[in-house]
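This report describes one protein model, from its overall layout to single residues. The sequence and structure come first.

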Amino acid sequence: MPSLAMLALAACDAPAEEAPVVEEKLGDYSAIGTEPGWTVDIKDETIAFTSQNGKDFTLPIDRTKKTDSGWELRGFSDTDNINLYITSGVECNDGMSDRTYADTVKVEASDSGVLNGCGGSFTESLPGPA
């Protein structure tokens, strides 16, 4: 029976289970694009997409992933889907308002194809009339 005792001892030396991975959360976030116009608003674990072509939807966030360059988010349903790629710290100008945003954003959305735009906080804007 020494082999049974050895198995029992080996089981005691098994490594402890790893702690579950805690995903980081992006929090509330907004992005905008022009030509064609679109917006994305992230709030309360949902992604709301509005576009100039009239294909608007709100989806629960299915996946949030922090990457070396920013964030990737995904939402989908039986009828719609969206993938959002945020490149943090790469400033972006929306081309219409003369505002500069903190992040560059790429969106792949149902019936809208690939859209490019800007997101996050404003880093600079032209001064308005005094």
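## Basis of the description

Helices (H or I, at least four residues) and strands (E, at least two) are DSSP runs, numbered from the N terminus. The model is predicted: local features need pLDDT of at least 70, side-chain atom pairs count only at pLDDT 80 or more, and totals for chains, interfaces and linings use all residues. Residues are numbered from 1 along each chain as its sequence is written, and side-chain values use heavy atoms, with hydrogens and water left out.

## Confidence

pLDDT is the predictor's confidence in each residue, on a scale from 0 to 100. The average over the protein chain is 83, and 76% of the residues score at least 70. Among the elements of the chain, strand 6 has the highest mean pLDDT, 97, while the lowest, 53, belongs to helix 1 (residues 2–12).

## Overall layout

The protein chain contains one helix and nine strands. Their order along the sequence is α-β-β-β-β-β-β-β-β-β.

Of the 130 residues, 29% count as buried, that is, under 20% relative accessible area; exposed means over 50% and partly exposed is in between (1.4 Å probe, protein chains only). The chain exposes about 8600 Å², and carbon and sulfur atoms supply 54% of this area. Accessible areas come from the Shrake-Rupley method with a 1.4 Å probe; for residues, only the protein chains shown count as cover.

A contact means heavy atoms within 4.5 Å. Among contacts between residues at least 6 apart in sequence, 34% join residues at least 24 apart.

## The disulfide

A disulfide is taken as a pair of cysteine sulfur atoms within 2.5 Å. A search of the whole structure finds one. Its partners are Cys 92 and Cys 118, with their sulfur atoms 1.9 Å apart. Cys 92 lies in strand 7 (residues 92–93) and Cys 118 in strand 9 (residues 113–125), so the bond ties together parts that are 26 residues apart in sequence.

The torsion about the S-S bond of Cys 92 and Cys 118 is about -60°, and the disulfide is therefore left-handed. Cys 92 is buried, at 14% relative accessible area. Cys 118 also counts as buried, with a relative accessibility of 2%.

## Backbone features in the loops

Most residues other than glycine have a negative phi, and most peptide bonds are trans. Where does the model depart from this pattern? The peptide bond from Glu 35 to Pro 36 is cis, with omega near 0°. Pro 36 sits in the loop between strand 1 (29–33) and strand 2 (38–43).

Glu 45, a residue other than glycine, has a positive phi, near 65°. Its position is in the loop between strand 2 and strand 3 (46–51), and at 45% relative accessibility Glu 45 counts as partly exposed. Asp 111 likewise has a positive phi, near 55°. This residue lies in the loop between strand 8 (99–109) and strand 9. Asp 111 is exposed, with a relative accessible area of 66%.

## Surroundings of Asn 83

Asn 83 belongs to strand 6 (residues 81–87). With a relative accessibility of 18%, Asn 83 counts as buried. Leaving aside residues up to four places away in sequence, Asn 83 touches Leu 73, Arg 74, Lys 106, Val 107 and Glu 108.
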